[in-house]
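Look at the structure first, then read the points below it.

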Amino acid sequence: MTDSTSEETWTKLRKHLPQPEALQLVPEIMARKYIAIPLTVHDNTLRVAMANPADILALEALATQSQRRIETEPASAEEILEAIDFNYKAYDEIERQISNIALLSEMAEGGIGLGEKQIRFDSVVNAPTVLALTLIIDEAVKARASDIHLQPQEDKLRVRYRIDGTLHDVLSLPLAAAVPLCSRIKILASMNIAEHHRPQDGQFSINANGRPLDIRVGITPTVYGEMAALRLLDKSRATLALPDLGFLPESLTKYDQMLKAPHGMILVSGPTGAGKTTTLYASVNCLDCVGQNIITIEDPVEYRFTHINQVQVNPRAGVTFSSGLRSILRLDPDVILVGEIRDAETARIAVQSALTGHLVLSSIHANDAVGVVFRLLDLGIEPFLISSALIGVVAQRMVRQICPECVCMVDAPLVERMAYSKEMGEERSEFAYGSGCKSCANTGCQGRTGIFEILHMSDDMRMMVLNGTTAGELQIQAIKEGMIPLMKDGMLKVKAGITTPSEVLRNAYSTD
C-alpha cells in the first residue's frame with residue numbers, strides 16, 4: 001500500500017473511525033497485544049488497521065475473537081497505539097466497578113460481617129475501588145489531562161478532567177463512591193485515612209498505560225464530603241527544551257543571552273497555571289549541569305532530575321524558601337532555582353545571592369514583565385539593588401493551540417478583529433479556528449503553547465529604576481528597546497495559525 005493510502009487510513013483513525021460496533025468485537029487488551037485496531041464491520045467482514053498485516057497468528061486470533069473474516073490496512077505502530085488510547089474508553093467499566101462499590105457499601109451498612117469476616121469483606125469492597133481509581137487515572141492520561149477533580153455534590157460524585165487548561169465533566173458517579181475513592185487515594189498518598197475534617201496533601205507514583213507518573217494530591221472537606229484534586233506530573237514532559245515552549249526566534253535568542261550571564265537574577269512571572277515551573281525547569285536543563293553546582297528549592301518538587309540537587313520546602317521541619325535559600329548559600333552553588341518568591345525575606349536573600357556571584361532563577365506573581373520590577377519594590381527591595389541584580393524578566397501565559405485535524409478559516413467577531421488590528425497594524429476578518437473533531441474531543445483545540453514578554457534590563461532602564469520611574473514609562477522604554485508585549489506575541493501566533501484571537505484575549509487581555 002502506498003504512503004498516501006496509509007496517510008488516508010491515519011486520517012480516518014483520527015477523524016471518523018473506528019465504528020463503535022467494530023470496537024466492541026475486539027477488546028482493548030487484544031488490540032494492544034497485536035497492535036491492531038478494528039475500523040469497520042460490514043456483514044461478515046471486519047476491517048482492521050495493523051502494524052504488521054502479515055502476522056498470521058494475530059489474524060487468526062482476531063478472526064476467532066470477532067467471529068468475522070479479517071481485512072487489513074497497514075498503519076504505523078505509533079498511529080495505532082494513539083488511536084487505541086483515544087477510542088477505547090473505560091467509562092462503562094468504571095461505572096460498573098462503582099456500582100459494585102455502592103452495592104457492597106449498602107451491604108456493609110446492613111451489618112454484614114464481624115471481626116475476621118469484616119476484614120475479608122473490606123478487601124472485597126476495596127477491589128472495585130482500586131480498579132475504578134486506576135481506570136479513572138488511565139483515562140485521564142489518555143485524554144492528556146493535567147488534573148483530575150473528584151467533587152462530591154448533593155446527589156452525585158462529579159469527575160472532571162482539566163485538558164489544555166479547561167475543565168471538562170467526564171463522569172457522574174453515585175455519591176456512595178466518594179468515600180471509598182478518597183480513602184484509596186489517602187492510602188496511596190500516605191495520608192491519615194481516619195482524618196475527614198482537615199485538608200491533607202501528599203504524593204504517590206504509578207505507571208499509567210506504561211508511562212511513569214508522579215501524582216500530587218490535595219484533599220479537603222466540603223459540605224457534601226471530601227473533594228480531591230490530583231495533579232498528574234508526566235515525567236516525559238519534564239524534559240521540554242526551551243525551543244519547545246513557544247518562544248518566537250528573536251525572543252528565544254534574547255532569553256538565551258540572559259541565561260549566559262554568570263550572575264544576577266532572572267524572574268518568570270504569570271498567574272497560576274501559566275507554565276512558570278516548566279520554563280524554569282527548561283532553563284536549568286539548558287545550563288551546564290556537570291560543570292556547575294545547581295541547587296533548587298521548591299514547594300513541591302514536581303519533577304526530579306539527575307545532576308541537579310533539589311530541596312523540598314518543609315515548614316514543619318523549619319525549611320521555608322527563606323531559610324532553605326540561606327542554607328543553600330553555604331553549599332557553594334553556581335546556580336540557584338527558587339520555586340517562588342512569596343515574601344520580603346525570600347526576595348531580599350534572592351537579591352543578595354544574585355549580587356554575590358550566583359545566577360538566581362525564580363518565579364513571582366505579577367501581571368506583566370514591568371510589573372515584576374514594581375512587585376520587588378512593594379516587597380521592600382531598594383531600587384539600587386533591583387537595578388544591580390536584575391538581569392531580566394519573562395512574563396508568560398498559556399494558550400490553547402488549534403487542532404490540526406479540523407482547522408478551518410472562520411469569520412471572527414468584531415472585537416477579535418479590532419484586537420488583532422490594534423496589535424498587528426493590519427486588517428483581517430478571517431482567522432483559523434478548530435471546528436471540532438474526534439481527535440480533539442470536539443473542542444477545536446489540541447495542546448497548549450506559551451506566549452511570552454521578555455524584558456531585558458538595559459543600562460537606560462536601570463537608570464530609570466534608580467530615578468523612580470513609573471510603570472508606564474518603563475513599559476514604553478522596554479518596547480522601544482525591542483520587547484514584544486504579551487498581546488502582540490499572541491497575535492503573532494494567531495497570524496501563524498497556531499492559536500485563535502479569542503484565546504489570546506482570554507489569557508493576555510489588559511485594560512491598558
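In this predicted model, Val415, Glu416 and Ala419 of helix H15 meet Pro501, Ser502 and Leu505 of helix H19. The residues of this contact divide into four nonpolar, one polar and one charged.

**Helices H15 and H19**
- H15 spans residues 414-424 and H19 spans residues 501-508.
- The two helices pack at an angle of about 75°, and their axes are 9 Å apart.
- Because angles from 65 to 115 degrees count as roughly perpendicular, H15 is roughly perpendicular to H19.

**Helices H13 and H17**
- Two packed helices are described by the angle between their axes and the distance between the axes.
- For H13 (residues 369-378) and H17 (residues 471-480), the angle is about 140° and the axes lie 9 Å apart.
- That angle makes H13 oblique to H17.
- The crossing of H13 and H17 is right-handed.
- On the H13 side, the contact is made by Val370, Val373 and Phe374; on the H17 side, by Ala471, Leu474 and Gln475.
- Of the residues in the contact of H13 with H17, five are nonpolar, one is polar and none is charged.

**Helix H10 and Thr279**
- How many of the 10 residues of H10 are buried? Seven are, so H10 (residues 276-285) is largely enclosed by the rest of the structure.
- The buried residues of H10 are Lys276, Thr279, Leu280, Tyr281, Ala282, Ser283 and Val284.
- Thr279 has its place in H10.
- Thr279 has a relative accessible area of 1%, and it counts as buried because the cut-off is under 20%.
- Leaving aside residues up to four places away in sequence, Thr279 touches Leu242, Leu245, Tyr255, Val268, Gln396 and Phe452.

**The whole chain**
- The protein chain contains 19 helices and 18 strands.
- The chain has 512 residues, and 48% of them count as buried.
- The chain exposes about 24,500 Å², of which carbon and sulfur atoms supply 52%.
- Taking contacts between residues at least 6 apart in sequence, 62% join residues at least 24 apart.

Conventions:
Residues are numbered from 1 along each chain as its sequence is written. This is a predicted model: local features need pLDDT of at least 70, side-chain atom pairs count only at pLDDT 80 or more; totals for chains, interfaces and linings use all residues. Side-chain values use heavy atoms; hydrogens and water are left out. Helices (H or I, at least four residues) and strands (E, at least two) are DSSP runs, numbered from the N terminus. Buried means under 20% relative accessible area, exposed over 50%, partly exposed in between (1.4 Å probe, protein chains only). Contact means heavy atoms within 4.5 Å. Accessible areas come from the Shrake-Rupley method with a 1.4 Å probe; for residues, only the protein chains shown count as cover. Axes are lines fitted to C-alpha atoms, for helices over the stretch in contact, and angles run from 0 to 180 degrees between N-to-C directions. Angles under 35 degrees count as roughly parallel, over 145 as roughly antiparallel, 65 to 115 as roughly perpendicular and the rest as oblique. A crossing is left-handed if the near helix is turned anticlockwise from the far one by less than a right angle, and right-handed if clockwise. Ala, Val, Leu, Ile, Met, Phe, Trp, Tyr, Cys and Pro count as nonpolar, Asp, Glu, Lys and Arg as charged, and the others, Gly among them, as polar.
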